[in-house]
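Here is a short briefing to read with the model open in your viewer.

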Amino acid sequence: MYEQYALSDETLSHLEDYLDSEDNEHGLNFCGTHGFLCAVTVGPTVEPAVWLDALFEGQIASEVVADLMAWQKSIHALLYHEQTLHLPCDLVVEAEENDLTDWCVGFMEGMLSNEDAWYARDEDTIIELTLPIVTISGLVEDDELNRLRSNRKLLQQLAREIPEVLTELYLFFQAPKSAK
């Protein structure tokens, strides 16, 4: 069923070409955009007009809006149908920033665009679940996070947890609440 929402290779290639080009001076690159879309998909509900504005700092190119909306729906469909979401980059931490770092930065940007809603229900759970992403993004300076970043083996383990974290976040925010 989720296959009907899958994007064609041609559409993904078009998005990658645009997002990684100089024409996209206000937005994230391809991997960062995927991270951002994952955040707005797994997290608290946010209207497309709001996340599109945040993603491109109000400077979105109209020719990619439909493709971005379709990409976000395809991410949602995979998670809804209990499929593992694969990132468009290797889950490998390197000494220098790489595509995984870009993905994590994009995810963080998506979270921060709706920050209050992310932490409203259970701040401690969100902090725990997003630890791999926050750590790898490098956006938050903290002594404890810096210690984690200096342990390459642990950092690599955190990177491998990201697909599972996305599923857990999706269930946390999107799964129906059980009646008591």
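Predicted model: local features only at pLDDT ≥ 70, side-chain atom pairs only at ≥ 80, totals over all residues.

A residue counts as buried under 20% relative accessible area, as exposed over 50%, and as partly exposed in between. The chain has 180 residues, of which 43% count as buried, and it is built with 11 helices and 0 strands.

**Overall fold**

- Going along the sequence, the pattern reads α-α-α-α-α-α-α-α-α-α-α, in keeping with a count of 11 helices and 0 strands.
- The radius of gyration of the chain is 16 Å, which agrees with the value near 16 Å that a compact globule of 180 residues would have.
- Along the principal axes, the C-alpha atoms fill a box of roughly 50 × 45 × 30 Å.
- Among contacts in the chain with a separation of 6 or more, 70% come from residues 24 or more positions apart.

**Helix 2 against helix 4**

- Two packed helices are described by the angle between their axes and the distance between the axes.
- For helix 2 (residues 30-42) and helix 4 (residues 65-80), the angle is about 55 degrees and the axes are 9 Å apart.
- The two helices are therefore oblique to each other, and the crossing of helix 2 and helix 4 is right-handed.
- Helix 2 brings Phe30, Thr33, His34, Leu37, Cys38, Val40, Thr41 and Val42 to the contact, while helix 4 brings Leu68, Trp71, Gln72, Ile75, His76 and Leu79.
- By class, the residues of this contact between helix 2 and helix 4 are 9 nonpolar, 5 polar and no charged.

**Helix 9 against helix 10**

- Helix 9 (residues 143-150) packs on helix 10 at an angle of about 95 degrees, with the axes 5 Å apart.
- That angle makes helix 9 roughly perpendicular to helix 10.
- On the helix 9 side the contact uses Leu148, Arg149 and Ser150, and these meet Arg152, Leu154 and Leu155 in helix 10.
- The contact of helix 9 with helix 10 has 3 nonpolar, 1 polar and 2 charged residues.

**Residues of helix 10**

- Glutamine 156 sits in helix 10 (residues 152-160), and it is buried, with a relative accessible area of 18%.
- Which residues does glutamine 156 touch, not counting residues up to four places away in sequence? They are Leu91, Val92 and Val93.
- Arginine 160 is another residue of helix 10, and with 52% relative accessibility it counts as exposed.
- Arginine 160 and leucine 91 are 69 residues apart in sequence, yet 5.9 Å apart in space, C-alpha to C-alpha.

**Proline 163 in helix 11**

- Proline 163 is placed in helix 11 (residues 162-174).
- Is proline 163 buried or exposed? At 14% relative accessibility, it counts as buried.
- Leaving aside neighbours within four places in sequence, proline 163 is in contact with Thr84, Leu85 and Leu91.
- Leucine 91 lies 72 residues from proline 163 along the chain, and their C-alpha atoms are separated by 9.4 Å.

- Glutamate 82 lies in the loop between helix 4 and helix 5 (99-112).
- The phi angle of glutamate 82 is near 60 degrees, a positive value in a residue other than glycine.
- Glutamate 82 counts as exposed, at 73% relative accessibility.
- Alanine 120 has its place in helix 6 (residues 115-120) and counts as exposed, at 63% relative accessibility.
- Alanine 120 and leucine 85 are 35 residues apart in sequence and 25 Å apart in space, C-alpha to C-alpha.

Methods:
Residues numbered from 1 in each chain as written. Heavy atoms only, no water. Axes fitted to C-alpha atoms, helices over the stretch in contact; angles between N-to-C directions. Helix = DSSP H or I, 4+ residues; strand = E, 2+ residues; numbered from the N terminus. Parallel < 35°, antiparallel > 145°, perpendicular 65-115°, else oblique. Left-handed = near helix turned anticlockwise from the far one by under 90°. Contact = heavy atoms within 4.5 Å. Nonpolar A, V, L, I, M, F, W, Y, C, P; charged D, E, K, R; others polar. Rg over C-alpha atoms; globule rule 2.2 N^0.38 Å. Buried < 20%, exposed > 50% of the residue type's maximum accessible area, 1.4 Å probe, protein only.
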